[in-house]
Amino acid sequence: MRLVTTAAAASLVLTQLPHALAADPTAAEVGDTAGTAVIGEVYGGGGNSGAALTRDFVELGNPGTGALDLVGHSVQYLPGSPSASSRWQVTPLNGTLEPGARHLVAQAAGTGGTVELPTPDTTGSINMSATTGTVALVAGTAELTCRTAADCAADERIVDLVGYGTAVVREGSGPAAGASNTASVARDADLTDTDDNAADLAAGAPTPVNSAGEGPATGGGDDGEEPPTEPGDVRIRDIQGDTRISPLVGTTVSAVPGVVTAVRATGARGFWVQDPEPDTDPRTSEGVFVHTGSTVPTVSPGDSVLVGGQVVEYRPASATQTLTEITSPTVAVLSSGNPLPAPVVLDADSVPDLYAPEAAGGSVEELKLDPGAYALDLYESLEGMLVEVSDTRIVGRTTEYDELWVTVKPEENPSVRGGTVYGSYEEPNTGRLKVMSLDPAAPLPEADVGDELTGTTTGPLDYARYGGYTLMAAELGGHVDNGLEREVTRPQQERELAIATYNVENLSPLDDDAKFARLAEGVVVNLAGPDILTLEEIQDNTGPTDDGVTASDETLRLFIEAIEAAGGPVYEWRSIDPEDKRDGGQPGGNIRNVLLFNPERVEFVDRPGGDATTAVEAVAADGGVELSVSPGRIEPNDSAWASSRKPLIGEFRFEGQTFFVVANHFNSKGGDEPLHGRNQPPNRTSESQRHRQATLVNGFVRDLLAVDPDANVVVAGDFNDFEFSETWSILTSGGALNNLMLTLPPEERYTYVFDGNSQTLDGILTSPAIRGFDYEPVRVNAEFADQASDHDPQIVRVDSTRSGGGDDGKGPGKGDGKGKAKEVVREVIRGIIDFLGNLLGRLTGR
């Protein structure tokens, strides 16, 4: 028998890194400098309800090669949303921070909790918020005066700064997420610092460590006591309970028996342990994750162990469910080489067809689990246990975060290309399951949608912020590449106007030539060189650098040149630069909508006066309608477009007819709760803004049609909502527009793949006057591990002989003035054909 004691470490990495990009990757080299310090971990939930620890704390770390004298330095705290009267609170520091060491700053104590911090190196009295705030490490003890991120960035006294929750003052793209009464935010074990809080710090169970390397006292360990040899009174099923929250959360347990089933040596380090003698209650899981902080576990699968430590519920983000864990553990190994419990088979028979119980928009966490009725309840009842899937189809590509999605229900809403279609809020697709690999030597294959994982894939069932329940594969099945091919659409005919839309995912001059070339190939080859192309997510000339630049002419020059180099048309473009930092998206990027067009095929009607704040209007002219400014923006000053892209409309001439094309990129779904979250049904808070945006676009289209009912209008772009959603119903209300996505069979209605669901975010809509068209999404990105963008483009080819308006001789290459007469003749012929068709139907009884 051997005794293994793990002290909780300074910082934690999530199973999956936050989906954000570092602002400055080169800043990670801070570890090469001598005598430096960063804020390694921040926790403000001490003594709060549900917390195990009694005090708040800030932990500093030295990633450098030399010691740092902390005398004359301070840790300071500012509320997450400071007012003009908010003041920084100051805790002066003392002592020396050795290279590779930690320095623990204890802050205010609450009335709850049962676990004391290890002996702090500095003691303060700041009462920090559990969910949002800013902590600064300052070279000096004078109170800071800055209240904004920009002002604090300019204060040279600030050595490091961490904003968490919704903090206004933070570094980089955003604050660190996930802090709560039971979760801190912390850097990885290497104290990586790229000056981007959202990317550098992850939420997890608090792991305070002082300069002596001591973690919080747990009532066990190498304190001279004999290691336990017999199981205690608590079993894993008692810890898990029959709801989603442990009945023992916040308590200390000891000598909990089980067999180690799998070990995670990187990221959120720890191991899974499972009771080989289960009870008969299907609601209580027999497995649990034991979190060892930054310490690599020394146990192995097959070890019979007795585990002690603190029971916590780790919540990766505010809207997610929790993962039950034992933290700061002591582990006694009784024997090795024991057989592992048989995995639970997940398949079409064992996974229920209903996704989750409803709690009237509230939390399901207090409800008793019903694993026979709901998929989420089944997965929760298996949390931490070994599960197995066999011969599964891949429905979500391998991502850059080392994850893919499979379905254990191959007949559940299959897409035309092997995915799983998300077709309604009532059918979230219960057979989807995320898979990650536990073995760095056996990473996931580079797989596309429609490929297969053959044989068996086995491992413990985990829970993560992104994607929810995850099979952590200790044994990975084989990969079968089913050869998914990128689609290529047909070229438009002479009298067809081809209009496409493409979200090019934060394109800027900072992207490499390969991305420009890949996107250009998509335009030239896969979209066959459309006449008009609406682009979303074109960034300014300096990309995410927040320097006040808003122009995007360099971005567009590079893209147009790449298209020409790929053999495509020499496009021209029209756009309106946004006001700095007013259109949302990646901070500093100033994304906007753009209209590209081929001047050899279409003519753009320029009318000056359009700018970032001028609203375009529909104006009666020559028996029809025209735009007051072209290009123009639809109601850019309306609050519906706050921190969101404004629609860009342009007026075009083709074959003697006028076409109005609106490029759109509606408000992001980023604020919505996940399908797998604790609230069921999930709150979709972001959609109210999209509803207002859809109302404005629909209203402007109605303005055009009120002046000219035969106006040709095409509304295209990334609407960030599903084709069955209320957003799309508002867009089409009053018969103003037709949703072309609904003309496709259900198995083809998608442009994006997220969490294993093939779903619609992008679309094209047309006014009633456009009666002849050929529409299709073109699958080039969303289903593939290797992609130029995360969205698929779409294209509609409009038959100009079957659209509204007339030929007045003003189109490019026209001038004989005979277009209207020709259209009249065509309408007469179509009427005769329709009449004869109806007559023939009656005569034949059909």
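This section describes the fold, nonpolar cores, disulfide and salt bridges of a predicted model.

The protein contains nine helices and 42 strands. Of its 846 residues, 57% count as buried. Among contacts with a separation of 6 or more, 72% are made by residues 24 or more positions apart.

In soluble globular proteins, nonpolar side chains tend to be buried together. The largest nonpolar core comprises 29 residues, of which Leu 346, Tyr 379, Leu 404 and Leu 433 touch the most other members. Two or more residues of this core come from each of helix H4 (375-381) and strands E20 (386-396), E21 (404-407), E22 (432-437), E23 (452-464) and E24 (468-473). The greatest contribution is that of H4, with four residues. When neighbours within four places in sequence are set aside, the contacts of Leu 346 include Leu 378, Tyr 379, Val 389, Val 408 and Leu 433. A separate core of 28 residues includes Leu 627, Val 629, Ile 634 and Val 697.

One disulfide was identified. It joins Cys 146 to Cys 152, with the sulfur atoms 2.1 Å apart. Because the torsion about the S-S bond is about 95°, the disulfide is right-handed. Cys 146 is buried, at a relative accessible area of 5%, and Cys 152 is likewise buried, at 5%.

The structure holds 49 salt bridges. Glu 59 pairs with Arg 102 in one of them, the closest N and O atoms being 3.5 Å apart. This pair links distant parts of the chain, since Glu 59 lies in strand E3 (residues 55-61) and Arg 102 in strand E8 (residues 102-109), 43 residues apart. Both Glu 59 and Arg 102 are buried.

A further salt bridge connects Arg 574 and Asp 606, with 2.8 Å between the closest N and O atoms. Arg 574 belongs to strand E28 (residues 572-575), whereas Asp 606 is found 32 residues away in the loop between strand E30 (603-605) and strand E31 (618-621). With a relative accessible area of 19%, Arg 574 is buried; Asp 606, at 43%, counts as partly exposed.

Asp 774 and Arg 797 also meet through their side chains in a salt bridge (3.1 Å, N to O). Here strand E41 (residues 773-777) carries Asp 774 and strand E42 (residues 794-799) carries Arg 797, the two residues being 23 apart. Asp 774 is partly exposed at 28% relative accessible area, while Arg 797 counts as buried at 1%. Finally, a network of salt bridges links Arg 235, Arg 237, Asp 275, Glu 277, Asp 279 and Glu 286.

Methods: Residues are numbered from 1 along each chain as its sequence is written. This is a predicted model: local features need pLDDT of at least 70, side-chain atom pairs count only at pLDDT 80 or more; totals for chains, interfaces and linings use all residues. Side-chain values use heavy atoms; hydrogens and water are left out. Buried means under 20% relative accessible area, exposed over 50%, partly exposed in between (1.4 Å probe, protein chains only). Contact means heavy atoms within 4.5 Å. A nonpolar core is a set of buried Ala, Val, Leu, Ile, Met, Phe, Trp, Tyr and Cys residues joined through side-chain atoms within 4.5 Å. A disulfide is a pair of cysteine sulfur atoms within 2.5 Å. A salt bridge is a side-chain nitrogen of Lys or Arg within 4 Å of a carboxyl oxygen of Asp or Glu.
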